[in-house]
Amino acid sequence: MQGHGIFARKAPFDGTTECDLNTLGLKCRLKPAYRPVSKPPLQARAPRAIGMPMTHPTRPRRNFYGRLKGKSLKKSQKEYIEEDLGPLSPGPVSWEENPARDPLDLDALFGGRPTWLEIGFGGGEHLVHQAAANPGVGIIGCEPYVNGVAMLLGKIRSAGVDNLAIYPGDVRDMFDVLPEASIERAFLLYPDPWPKTRHHRRRFVTAEHLEPLARVLKPGAIFRVATDIEDYVRQTLEQVPRHGFEWLAERPDDWRNPWDDWLSTRYEQKALREGRVPHYLTFRKT
Ligand SMILES: C[S@@+](CC[C@H](N)C(=O)[O-])C[C@H]1O[C@@H](n2cnc3c(N)ncnc32)[C@H](O)[C@@H]1O
């Protein structure tokens, strides 16, 4: 695949690097030709005095407790990953590719369109649905589970959408390199529930995730959270407003009914089959 419309870059191809999926034995060749061409302004990059040697930020220790890989990928899915992931790269995000943590150039990536973010897109049904329904927006999806990434890539081929960028890794790495106040909407749909009390600190709705999320969202940006776990609702309503968000619900129907543009996800379907009740929480960044 030779670039998805707005992802096509004019810079010459001068070699390849390999992304995080190498740790899973899959080769994903990221072509520098698809990375943003223009450098961000000097003051937006890692601080250093002009003429001094570059010192990179220290890589934080980040544990990831979820699954990275499920059953073996089909031949077609391996092809999607090898052929499509490079052209869909949002630019250098991982610590290996971008040790200086230079911010992404979102204007170059999406041609100046507003940028949305889906965190943990699973099989990608909601992400592709939103991309197809909102061609005037560019959406970045992050998901470290390689089987989910492969499912998404199959759906992108069928839908033919060209306003997506995919990072097959941890959204915390993405937060490092997103410019401040650059994201207009974020989706957190059925985050891992971590039901045991001693595991609640692994949940997304903790300061480790909410602080950088708040930094990259624009004032007035919308943050949607869907969950079927009542204790997750409790923690979300307790934690998210502490990080500069207001909950927009005015009546019970506002959290009982899905959003007008909702597309039910695989995880929601499973929750409904098992008798659990979805909650739809909408926040605005103040
Ligand atoms: C319960 S699944 C829900 C998937 C999908 N949103 C849905 O509703 O079907 C939660 C997803 O979040 C992903 N996830 C967990 N931690 C993440 C992180 N730090 N960055 C990105 N994705 C993450 C997991 O890999 C998993 O696919």
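The model is a predicted one, in which local features need pLDDT of at least 70 and side-chain atom pairs count only at pLDDT 80 or more, whereas totals for chains, interfaces and linings use all residues. Residues are numbered from 1 along each chain as its sequence is written.

The protein chain contains nine helices and nine strands, where helices (H or I, at least four residues) and strands (E, at least two) are DSSP runs numbered from the N terminus. Of its 286 residues, 39% count as buried; a residue is termed buried if 20 or more other C-beta atoms lie within 10 Å of its own, exposed if 12 or fewer, and partly exposed in between, with C-beta atoms placed from the backbone. Among contacts between residues at least 6 apart in sequence, 79% join residues at least 24 apart, a contact being a pair of residues whose C-beta atoms, placed from the backbone, lie within 7 Å.

Helix H1 (residues 75–84) packs with helix H4 (residues 146–159) at an angle of about 75 degrees, and the two axes are 9 Å apart; axes are lines fitted to C-alpha atoms, for helices over the stretch in contact, and angles run from 0 to 180 degrees between N-to-C directions. H1 and H4 are therefore roughly perpendicular to each other, in a scheme where angles under 35 degrees count as roughly parallel, over 145 as roughly antiparallel, 65 to 115 as roughly perpendicular and the rest as oblique. From H1, the residues Gln77, Tyr80, Ile81 and Asp84 meet Val149, Ala150, Leu153, Gly154, Ile156 and Arg157 of H4. By class, this contact of H1 with H4 has six nonpolar, two polar and two charged residues, where Ala, Val, Leu, Ile, Met, Phe, Trp, Tyr, Cys and Pro count as nonpolar, Asp, Glu, Lys and Arg as charged, and the others, Gly among them, as polar. Isoleucine 81, placed in H1, is buried, with 21 other C-beta atoms within 10 Å. The C-alpha atoms of isoleucine 81 and valine 149 are separated by 7.9 Å, although these residues are 68 residues apart along the chain. Leucine 85, in the loop between H1 and H2, is buried as well, with 23 other C-beta atoms within 10 Å, and its C-alpha atom is 8.4 Å from that of proline 168, 83 residues apart in sequence.

In helix H6 (residues 207–216), the buried residues are Leu210, Leu213, Ala214 and Val216. Seen down the axis of H6, these residues fall within an arc of 165 degrees, so they line one face of the helix; the arc is that of the directions from the helix axis to the C-beta atoms. The buried residues of H6 pack against helix H5 (171–177), strand S6 (183–189), strand S7 (217–227), helix H7 (230–239) and strand S9 (279–285).

The ligand is surrounded by 21 residues, of which the closest are Gly120, Gly122, Val171, Thr265 and Tyr267; a residue is near a molecule if its C-beta atom, placed from the backbone, lies within 6 Å of it. The elements that give two or more residues to this shell are H5 and helix H9 (266–273), and the largest share, three residues, comes from H9. By class, the shell has 10 nonpolar, five polar and six charged residues.

Within H9, Tyr267, Glu268 and Ala271 are buried. These residues cover an arc of only 100 degrees around the axis, which puts them on the same side of H9, while Gln269, Lys270 and Arg273 are exposed on the other side. The buried residues of H9 pack against S7, and the helix is followed by glycine 275, whose phi is positive, near 85 degrees.

Positive phi values also occur in residues other than glycine, one being arginine 101, with phi near 60 degrees, and another tyrosine 190, with phi near 50 degrees. Arginine 101 lies in the loop between H1 and helix H2 (106–110) and is partly exposed, with 16 other C-beta atoms within 10 Å. Tyrosine 190 is found in the loop between S6 and H6 and counts as buried, with 21 C-beta neighbours inside 10 Å. Histidine 199, likewise in the loop between S6 and H6, counts as exposed, with 12 C-beta neighbours inside 10 Å.

Key:
Contact = placed C-beta atoms within 7 Å.
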